[in-house]
Each structure stands twice: as structure tokens, then as C-alpha cells.
Amino acid sequence: MYRFFIPGLMLLLTACAGNRTAQSAAEVVFRGDTVVVSSNSPIYGQMEFATVEPCGYSARFRTVGEVTPVAGRIAEISAPFSGRVEGCSVHLGQKVKKGTPVFALGSSGFYEAVRSYFAAKANNELAAGRYARQSALSRNGVGAVRDLEQARSEAYIAAQELEQAVAVLRIFNADTASLRMGQPLVSVSPIAGEVLSCDMTIGSYVSEGDGPLAVVADLSKVWVRAFVKERYFGAVQEGDSVEIHVPSAPELTYEGRVHYVGEMVDPESRALEVIVECDNAARSLKLGMFCNVLFFSAPVKSFILPATALMQESGSDFVYQSLGDGTLLRKPVASETLGDGNVRILSGLEGGETVMTRGGIFLNM
């Protein structure tokens, strides 16, 4: 008995479903890009609409960065020649001014260069004096022409020898104004800042190219070097506001501004280097520290809609514009996903249009 009853029931249900399908088809009519939804249709009650108006939109996205010193605000002071460390004038953490002595370095080669410089300087002064006297005698018709020519030649040679001696001292990075016979070379800090490294031992022998003996940096401001993916290139401009967050203190926010946007894309990561300058008066951002970087682009007028307003067909995006009385028009648009449940309409809409924000999915079934 049950074998015959169940198929009959299935036929009855199928017939009822068919009637409902036909009824729904009559309640929703498709005419090309236009859709008419009857007010009697259950779909009509599921539809929600909003009037599109432009608003200020600022793109936000995150990436990672590394804290580095500001270019020109860090100095690595190395030995300009091989020699022995004869003195150290600074210590770690010390605040120094530009021109502050850092260490003293001596070598036989340096001492010989200093001796040659003073000898050349004295000889140049004597030769210049003799030439001046011979010139005066010649103008008064007293001196011989041969003596004048010889004095001119000697003055020229002496000046060239002094210039050569100064060039040798320049190799040693020596300041001729502070030179003294028998004294070591005193290296000074080229910038004002704080001593970050002081790696030297009095009496030790160092070679040129061994690396810096001291590092001085001004850390009142630092750079954060971040790498931005290709999709966000157009959203980063110099002067944009940036927030910096570090894992060691996630509750703190450091403010910065985009200082420089690179011109070369890394071929492997397809990322662009962006330099952010941050105030670091509290010294809480340490060199080499990794951090999270939140970018805010300058606000631009945009149309923002909930993601439920966006429909897709054959890989193209569109929205339904309300024409009134349940009549809807499909409008192709270009969009950008914002990641917060909204989309940004890049083209295809104008201000003042009313579009469906919810319920469009029932029309695409």
C-alpha cells in the first residue's frame, strides 16, 4: 500500500512547486537590462535601497617596516689609516657636538706626513719671501733679472711641494689647522648626536677598512622603511599620514608622514620602498626594530556601497539602479574591495542615483 501512496504524494508536491515557480516567474520580469519586480513578489520585501552620494574616502592598508636612521644623521667614524689607538675621548650614550674629538690615532706614516707638511710650509714661506724681495728690487731697477727668475722658480716649486704635502694629509683625513708635530691624529665627530658604538681599545693596532671605531647618530627622528605591494602604489603620496605600531608596545601609536616614495619596484617581491619619517624624541623606536605600518591616503571623493550591492555576471560587476515602481536597471560599474564589508565604486555611477543595496542575489538565482 505504501508503495503506491508515496509516488502519488511526490507528484502532488511537484505540481504545487511548478505552480509556485510559474507564479514567481510572473512576479519578476526580465527585459534585457531592465528587471521589473511585482510588489506581490516575496523578493520585493527583501530589497533594500540607498541613494548614492560621494563621500571623502581615505584608503587604508597595512604593511611591515624596519626602523633605520635618517640619512645624514648617522656617522660611522673609521680609522683613516692603519695605526695604533692612542686615546679615546667618548663613551657609549654620550651626547656630542659636531667637531667633538672621538679618538686619537698615530702611526709612523702619519708622523712623517706631518713633518713633510711643516717642512714644505716653512720652505714655501721662505721662497715666497725671497720672490717678494726680488720683485721689489726689480721694480726699483736694482735687482738682476736672473735673480728674479730664479726666485720665481723657487717660489713656484715650493708652492707645489706644499700643495703635495697637504694632499697627502688629506688622505689621512687630517685638519692642517690643528696639526702639531709629534701628536697623533684626532678624529672628530662630523655631526651632533649620541654615541651608539665605541669599539676600540687603547694601544690596540687597527687597520684601515676594519670597520667603524665609533658610531654617532641623531635619533630625534628616524625613518621607517616599508615595502608597499603593487596594488597600493597609487594610494601612497608624499606627505600622507602614517601610523606606526611596534609589537613590544601594541597600545602605543607613533605618527609619521611619508617622506619618500621609491621609483624602483623590487623584481622579486613586486613591492615599492616607501620611507616614513617619525618623531623619536622619546627614543622608543630602536634602530633595526620591525613594526607594523598603517597608511592613510589623502581623502578623495568616492562612492562607497555595501558589498551586497555589487552583482557579478560573466566576470563583470554591476549594480541595480531603482527607477521606481519595482523597476530596476542593471548598470555596469568598476569597483574595488575595501575589506570591511564595503566596496568602492570607481566608475559607472553618478551622485543622486538610488541603487539596491540588498536583495539583488535573489534576482540572479
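**Strand pairing and hairpins**

Me: Which residue takes a positive phi in the hairpin of β16 and β17?
Reply: R270 does, with phi near 55 degrees, and this hairpin has 5 residues between the strands. Strands here are DSSP runs of E with at least two residues, numbered from the N terminus.

Me: What kind of model is this?
Reply: This is a predicted model, in which local features need pLDDT of at least 70, side-chain atom pairs count only at pLDDT 80 or more, and totals for chains, interfaces and linings use all residues. Residues are numbered from 1 along each chain as its sequence is written, and side-chain values use heavy atoms, with hydrogens and water left out.

Me: How many bridges pair β16 with β17?
Reply: The two pair over 6 bridges in the antiparallel sense, with β17 covering residues 271-279. Two strands count as paired if DSSP finds at least two bridges between them. Y260 has I275 in β17 as its bridge partner.

Me: And what joins β15 to β16?
Reply: A hairpin of 2 residues links β15 to β16. The strands, residues 241-246 and 249-265, run antiparallel and share 5 bridges. V246 is bridged to A249 in β16.

Me: Changing topic: what is the strand order in the open sheet of 4 strands?
Reply: The order is β10-β9-β7-β12, with antiparallel pairing.

Me: How many bridges join β7 to β12?
Reply: There are 2 bridges between β12 and β7, residues 83-88, and the strands run antiparallel. R84 has Y205 in β12 as its bridge partner.
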